[in-house]
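Me: Please take a close look at the open sheet of this model and at the ligand site. Which strands form the sheet, what lies across it, and which residues are around the ligand?

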Amino acid sequence: MAIAELAGKHLVLGMTGGIACYKIAELTRLLTKAGATVQVAMTEAATQFITPVTMQALSGRPVYTSQWDGRIDNNMAHIDLSREADAIVIAPASADFLAKLAHGMADDLLSTLCLARDCPLLVVPAMNRQMWTNPATQRNVAQLRADGVLVLGPDSGVQACGETGDGRMLEPQASYEAIVSFFQPKVLSGRCVLITAGPTFEPIDPVRGITNRSSGKMGFALARAAQQAGADVRLIAGPVSLPTPWGVAREDVETALQMYDAVVQRAQDCDVFISVAAVADWRVDRASEEKIKKTAHGGVPSLSFVENPDILATVARLTNPPYCVGFAAESGELVVHGAEKRARKQVPLLIGNLGPKTFGRDDNEVVLFDAQGLTRLPRMDKDTLAATLVREIARRLPDTSLIS
Ligand code: C5P
């Protein structure tokens with residue numbers, strides 16, 4: 001599905017030699033699916049790891065590997081290929097190629113193209129951990145940053161050589177998100193955004209508990225969108241099986257009380273609090289420390305409940321609260337309940353939907369309630385909706401430059 005940030009963008013995707021070249025097949029697919037045109041250029045070494053034929057099939061465009069390619073009639077491949085580019089992305093970027101870039105060398109098509117560019121340059125390093133931590137590489141990376149090159153990653157983890165450490169290339173999805181982030185308008189630049197997402201889990205005993213059907217998708221999509229809009233994002237997640245969006249600081253919790261503690265600790269330092277989590281209203285009073293056994297003569301245990309604190313309402317009532325955004329899933333009468341809930345929780349913005357039908361789905365249709373009344377948004381997939389909501393939140397924030 002095309003996304004606004006990449007639709008119509010022209011990217012030169014430069015591949016250099018490294019085993020991580022296999023990840024670029026998937027990255028190319030993600031970029032083209034999002035509506036970008038991807039012009040692949042490969043170094044000689046990159047062609048040893050994956051063939052130009054594969055990259056041509058995936059990008060739908062001829063792949064260039066040589067400065068002397070006869071297909072470009074003026075022999076100016078380095079100028080022609082970078083002329084229309086909105087950005088050049090080097091992925092994987094080898095230690096050797098980073099060294100070349102840092103020193104302005106231009107001895108093959110890709111390095112010449114980078115030197116002749118008139119657009120931003122993004123590099124996604126991939127190499128063995130010793131090569132990455134080598135002072136020479138670190139010097140080159142520092143030089144590239146100083147020259148305005150955006151360095152994405154690397155990750156840490158198991159490497160193709162069998163060693164473990166820094167230098168792994170970002171996974172295709174994370175590389176893709178970082179590239180989308182680069183093109184996103186930075187409407188939340190300089191802001192700290194705290195988000196809760198997912199369900200909570202309230203134990204009955206060590207093996208049983210009470211939870212709900214929130215998937216966490218909306219909260220994670222908002223965390224991703226806020227990061228892409230330039231915010232420093234802290235995500236407090238209940239038990240969900242979702243990958244952490246690129247560039248987001250995540251803390252996992254289980255119970256409502258743990259979520260409450262994590263939020264209260266951070267809320268005062270943040271500019272925005274978006275409470276998306278489906279927090280359990282009640283927890284079992286004195287959960288059993290031992291597994292509750294079935295009795296031989298039948299019978300069922302009886303549970304008593306106590307109310308959990310309302311995290312959103314607590315934050316909204318702080319002396320200097322962040323801008324608070326609540327979510328409300330209603331099963332009917334959204335207009336009445338949404339407005340009432342906004343007033344009761346004392347939040348400036350409440351986003352209502354007709355859940356629980358939306359739980360786990362990839363799209364959502366919401367209504368915004370604020371001091372001016374209500375605004376209905378059309379049905380959208382959760383990523384597009386998240387980007388829209390981030391813009392709606394950003395334009396409602398007080399301008400901190402006006403506060404002395
Ligand atoms: O009252 P209700 O649960 O419908 O309110 C939903 C909103 O309140 C959501 O933003 C949810 O994250 C937040 N909430 C909370 N703490 C609770 C219950 C709900 O922060 N204990």
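Reply: What follows describes the sheet, then the helices across it, and then the surroundings of the ligand. The model is a predicted one.

The open sheet consists of eight strands in the order E12-E11-E8-E13-E16-E17-E19-E20, with mixed pairing. Strand E12 (249-252) and strand E20 (373-376) are the edge strands; each has a single partner strand, so one side of each has no neighbour in the sheet. On average, neighbouring strands are turned by 15° against each other, direction ignored. Within the sheet, E8 (residues 192-197) and E11 (residues 232-237) run parallel and are joined by six bridges. Val 193 stands opposite Val 233 of E11.

Helix H9 (residues 217-228) lies across E8, E11, E12, E13 (272-275) and E16 (323-329), and runs at about 165° to E11. Helix H12 (residues 334-345) lies across E16, E17 (349-353), E19 (366-370) and E20, at about 40° to E19.

The ligand has around it Ser 275, Ala 277, Val 279, Pro 309, Asp 310, Ile 311, Leu 312, Gly 326, Phe 327, Lys 341 and Lys 345. By class, this shell holds six nonpolar, two polar and three charged residues. A backbone N or O atom of Ser 275 lies 2.6 Å from an oxygen atom of the ligand. For Leu 312, a backbone N or O atom is 2.8 Å from a ligand oxygen atom, and for Phe 327 the corresponding distance from a backbone N or O atom to an oxygen atom of the ligand is 2.8 Å. Taken alone, the ligand exposes 450 Å², of which the protein buries 86%. Helix H11 (311-316), E16 and H12 are the elements that each contribute two or more residues to the shell.

Key
Residues numbered from 1 in each chain as written. Predicted model: local features only at pLDDT ≥ 70, side-chain atom pairs only at ≥ 80, totals over all residues. Heavy atoms only, no water. Pairing = 2+ DSSP bridges. Helix = DSSP H or I, 4+ residues; strand = E, 2+ residues; numbered from the N terminus. Axes fitted to C-alpha atoms, helices over the stretch in contact; angles between N-to-C directions. Contact = heavy atoms within 4.5 Å. Near = heavy atom within 4 Å. Polar contact = N/O pair within 3.5 Å; in protein donor to acceptor, adjacent residues only side chain to side chain. Areas by Shrake-Rupley, 256 points an atom, 1.4 Å probe, with all protein chains shown as cover. Nonpolar A, V, L, I, M, F, W, Y, C, P; charged D, E, K, R; others polar.
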